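Here's a quick tour of what sits inside this protein. Have the structure open and follow along.

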Amino acid sequence: MKSASQRFTDPASGGANPVVVGVEIGPAIIRAGVFTTGGHALLGKTKISTKLERGPEIVVERIARCIRYAVDECDLEMEQVSRIGVAAPGQILGDAVVASSPDLGWENVPLQTRLAARFDLPIAVGQLYNVAALGILAAELQHPVQRFAAVFVGPQIGAGVRIGGQWQELSALRTPDAGEQQLRSHIIAAQSHPVFGGFRGRDFRKALKKSENIAMREYVGRLAGLAGEAAARLHQAFALETIVLGGALMDEMKEEILTKARAAFEHRSPRGSQNSCALLASDLGDLAPITGAAIWATHRCADLAAGLVTSA
């Protein structure tokens, strides 16, 4: 953590001591990270509970509080923040409005406007899985990939697909059990469990650390297989070059998840087609959303200022 005497200047930013903040909104936890300009280096992060039951206005206030806490933990001032990026679950309209989010229970919440009332800064709101995929793409892949997807392993299998610099709608993945709302939320598969099905990724991580729960590991294995099948459907729909498996569970069971997912991917792919697409594992874990949000804000706020309108 940098002290006040160690505050940096980023020559590429055109100003003194700027940072960018990336935020993830989850049903239980809000997380904020402070990054150097461009989202290249994490300086510090913090989290607070979401308190969804108190309503969107209180949640927005808690998002603002989490941002301020994260900046303060880095011994910085809000005046040193150049922009804010937010990753939110559900359908996002125009980098600004959470049109529908079953995870948050929100409909038509003008998140950008409400945050802008608290911070006189450029703010960009992006779809959670697209933004997390951007974090993986920008932070982990060593060469440009034109046809890319990230698949996030959990009780809900989410995905972000980027082709030639554009985020893709997932309607091509429609199956009898995939409703329009799921696809707009970028949920492409789901699997519940009578005991563990309601767990979020971080809950799994905590439980897996505490005990060698065979039933839980078997359940995670089934999720990995489901993610592999979803990756095969993505590849068939979009002719991808690279698919990366991400999510908090990768921190605890990366090799097991990757092995099971690859087996399902190869089984579900047409003969020979799987060889044209690399299936890899991310090391970012639960940092992907806030990393991607920082990168999204850095580039997207400039696009918005220039009048470009393509959304994440």
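Predicted model: local features only at pLDDT ≥ 70, side-chain atom pairs only at ≥ 80, totals over all residues.

## A threonine tucked in a loop

T50 belongs to the loop that runs between β3 (42-49) and α1 (56-73).

T50 has 0% relative accessibility, so it counts as buried. Beyond its sequence neighbours within four places, T50 is in contact with G26, P27, A28, I29, I30, V59 and R62.

## The largest core

The largest core holds 35 residues, and V151, L234, L240, I243, L245 and I257 have the most contacts inside it. Two or more residues each come from β9 (147-152), β10 (156-163), β12 (187-190), α6 (214-238), β13 (242-246) and α7 (250-268). The largest share is that of α6, with 11 residues.

Take L234: leaving out residues up to four places away in sequence, L234 touches A149, V151, A159, V161, L173, I188, A239 and L240. There's also a second, separate core of 34 residues, with V21, I67, V81 and V125 among them.

β13 is mostly covered, with 5 of its 5 residues buried. T242, V244 and G246 point one way from the strand, while I243 and L245 point the other way. In a regular strand, side chains alternate between the two faces of the sheet.

β13 pairs in the parallel sense with β9 over 5 bridges, and also in the parallel sense with β14 (residues 278-281) over 4 bridges. L245 stands opposite V151 on the β9 side, and its bridge partner in β14 is A281.

Definitions and conventions:
Residues numbered from 1 in each chain as written. Heavy atoms only, no water. Core = buried A, V, L, I, M, F, W, Y, C linked by side-chain atoms within 4.5 Å. Buried < 20%, exposed > 50% of the residue type's maximum accessible area, 1.4 Å probe, protein only. Contact = heavy atoms within 4.5 Å. Pairing = 2+ DSSP bridges.
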